[in-house]
Amino acid sequence: MKVAKYIVAMVAAVMATAYAGQSVIANPAPQSTSGTWGVEVAAVYNWGLNQYMKSDVIGKKNHINTVGGDITGVYNIDDNQAVTLRVGYGYGQDKFALVDDSYSNTLRDPNWHAKEVLHQFTIMPGYRYTWDINQSWSVYAGANVGLAANVAKLDVTEELDRRSSYTESAHKSAWGFAWSVEVGGKYQIDEHWNAFAAVSYSGNTARPNIKYDGYSVGKVRTQQYIGVRLGVGYEF
């Protein structure tokens, strides 16, 4: 008899809860990312903001954009904070005509050409803070500081005629300080994979001094860029 009363009391309690519109099933708590590792692979395009080279030989005040990519290792300290290590590469070039007016002011045939080539390598540890919008979307901001190596090459070509030419080349490399700041958004595809896009402001102080026959023909200036990063990430 007591058992029957107890069962009736339980059924009444469940019916009362349902009638009040209350759910007796709790939503599962979101899974924490604290202590997890991740890796990101991104394609990168950077727009140069200032003059590429200071030269008494090459008077053109141009800039060089770069295209490349980077790989970033990520360690999540907690659900918001992470430390990163990024290795990147960029390539850029610019080719333009020169004017030979050494014999006459009226000689304006563009029979000389210059080609500037830049290879850029960076390695930078950093810090990132992420804000979750919902279970799929989040935004983040980060900063990185480290080292950069710029390898610069300069080719000057004289077009002797339609079938022949003569080229002089020189190259130099240098190390410098590298930095970047970025803001971006991330979409969580599933438990492990995500896709992201970011806008960055970066620069480096590596300034190769290009010499030919012992004479300086141009020195790369400190570079600054506005860039975009598009890529995917995987969390372990």
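Two strands count as paired if DSSP finds at least two bridges between them, with strands being DSSP runs of E at least two residues long, numbered from the N terminus. With that settled, here's a quick tour of a predicted model, where local features need pLDDT of at least 70, side-chain atom pairs count only at pLDDT 80 or more, and totals for chains, interfaces and linings use all residues. Residues are numbered from 1 along each chain as its sequence is written, and side-chain values use heavy atoms, with hydrogens and water left out.

- Across from T72 you'll find R86 in β4.

**The cavity**
- A search of the whole structure turns up one cavity of 30 Å³ or more; here a cavity is a set of points on a 1 Å grid over the protein atoms alone where a 1.4 Å probe fits but cannot get out.
- β3 gives the most, with five residues.
- By type, the lining splits into eight nonpolar, 13 polar and four charged residues (nonpolar: Ala, Val, Leu, Ile, Met, Phe, Trp, Tyr, Cys and Pro; charged: Asp, Glu, Lys and Arg; polar: the others, Gly among them).

**The open sheet**
- Three strands make an open, antiparallel sheet in the order β2-β10-β9.
- β2 (53–54) and β9 (209–212) sit at the edges with a single partner strand each, so one side of each has no neighbour in the sheet.
- β2 pairs with β10 (residues 215–220) over two bridges, and K54 stands opposite K219 in β10.

**V220**
- V220 belongs to strand β10 and is buried, at 0% relative accessible area (buried is under 20%, with a 1.4 Å probe and protein chains only).
- Leaving out residues up to four places away in sequence, V220 touches Y52, M53, A152, A206, R207 and P208, a contact being heavy atoms within 4.5 Å.
- V220 and A174 are 46 residues apart in sequence, with their C-alpha atoms 9.6 Å apart in space.

Terms used
1 Å grid on protein atoms, 1.4 Å probe; cavity = no way out; pocket = protein on both sides within 12 Å on 5 of 7 lines; lining within 4 Å. Points joined across faces, edges and corners; volume = space filled by probe spheres on them. Helix = DSSP H or I, 4+ residues; strand = E, 2+ residues; numbered from the N terminus. Buried < 20%, exposed > 50% of the residue type's maximum accessible area, 1.4 Å probe, protein only.
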